[in-house]
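Let us take a friendly walk through a protein model, with a look at its charged pairs and at one of its sheets. Have the sequence and the 3D view ready.

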Amino acid sequence: MLSEPAQQMETFGADLRALRKARGLTLSELSDRLGRSVGWLSQVERDLSDPSITDLRQMAGVLDVSVQSLFRQSATLDHEEGIVVRSTARRPIGSRAAGLVEELLSPDLTDDFEVVHSTFAPGAEISEPVQRPTQEVGYLVSGRLDIWVDGHTHALGTGDSFRIKGQPFRWHNPYQEAAVAIWVIAPPVY
């Protein structure tokens, strides 16, 4: 049996809480930025109140995610809810950098880590270093990708893996084929 839309929203509040915490925001800070009360935001995080479309747009903006990433992509079977993520039900997440498509492989954002499927188009890059208070491990499933970690360049090929421990990093795919990586990030940042 497929989940009803209301049942699909069961993790919305928990995901919102995880995103808020990953951004280092308190309930009070996020509610101030949204122009809403702490009580209302607390109810949303506990799935006791539903945000409006305007609220969702504001949340996405403050949390630097797409509105689309706040929701599951399709219904799941009841017994798979919170356990299985079908390839057709991945949520788009991430930095929204041009040429990068990131999808959440984890069932939600409530674990101590998140698993992300990243596809880097030919020519895609982030030129400015990113630094986050995380530990990250990546595995290149296919293609090639250049990464810079803490000032050092690493040319990766299919089957290579890497780790980033809070260091500044950036990436570039100067090659003619897409690169696909599985990326594990702790704590979750998306």
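Which residue in β6 does Leu145 stand opposite? The residue facing Leu145 is Leu156.

A word on the basis of this report: the model is predicted, local features need pLDDT of at least 70, side-chain atom pairs count only at pLDDT 80 or more, and totals for chains, interfaces and linings use all residues. Residues are numbered from 1 along each chain as its sequence is written, and side-chain values use heavy atoms, with hydrogens and water left out.

**The sheet**

Strands of a sheet pair through backbone hydrogen bonds, either parallel or antiparallel. Here, three strands in the order β6-β5-β8 form an open sheet with antiparallel pairing. Because β6 (152-156) and β8 are edge strands with a single partner strand each, one side of each has no neighbour in the sheet. From one strand to the next, the twist averages 20 degrees (axes are lines fitted to C-alpha atoms, for helices over the stretch in contact, and angles run from 0 to 180 degrees between N-to-C directions). β5 and β6 run antiparallel and are joined by five bridges; two strands count as paired if DSSP finds at least two bridges between them. Strands (E, at least two residues) and helices (H or I, at least four) are DSSP runs, numbered from the N terminus.

**The salt bridges**

Side chains of opposite charge can pair when their charged atoms come close. A salt bridge is a side-chain nitrogen of Lys or Arg within 4 Å of a carboxyl oxygen of Asp or Glu, and this structure holds five of them.

| Glu45 | Arg17 | 3.5 Å |

Let us start with Glu45 and Arg17, whose side chains meet in a salt bridge. Glu45 lies in helix α4 (residues 38-45) and Arg17 in helix α2 (residues 12-22), so the pair ties together parts 28 residues apart in sequence. Glu45 is buried at 4% relative accessible area, while Arg17 is partly exposed at 27%. Here buried means under 20%, exposed over 50%, and partly exposed in between (1.4 Å probe, protein chains only). Arg17 and Glu45 also belong to a salt-bridge network with Arg20.

Next come Glu136, buried with a relative accessible area of 0%, and Arg132, buried with 16%.

Glu177 is partly exposed at 33% relative accessibility, and Arg144 is partly exposed with a relative accessible area of 38%.
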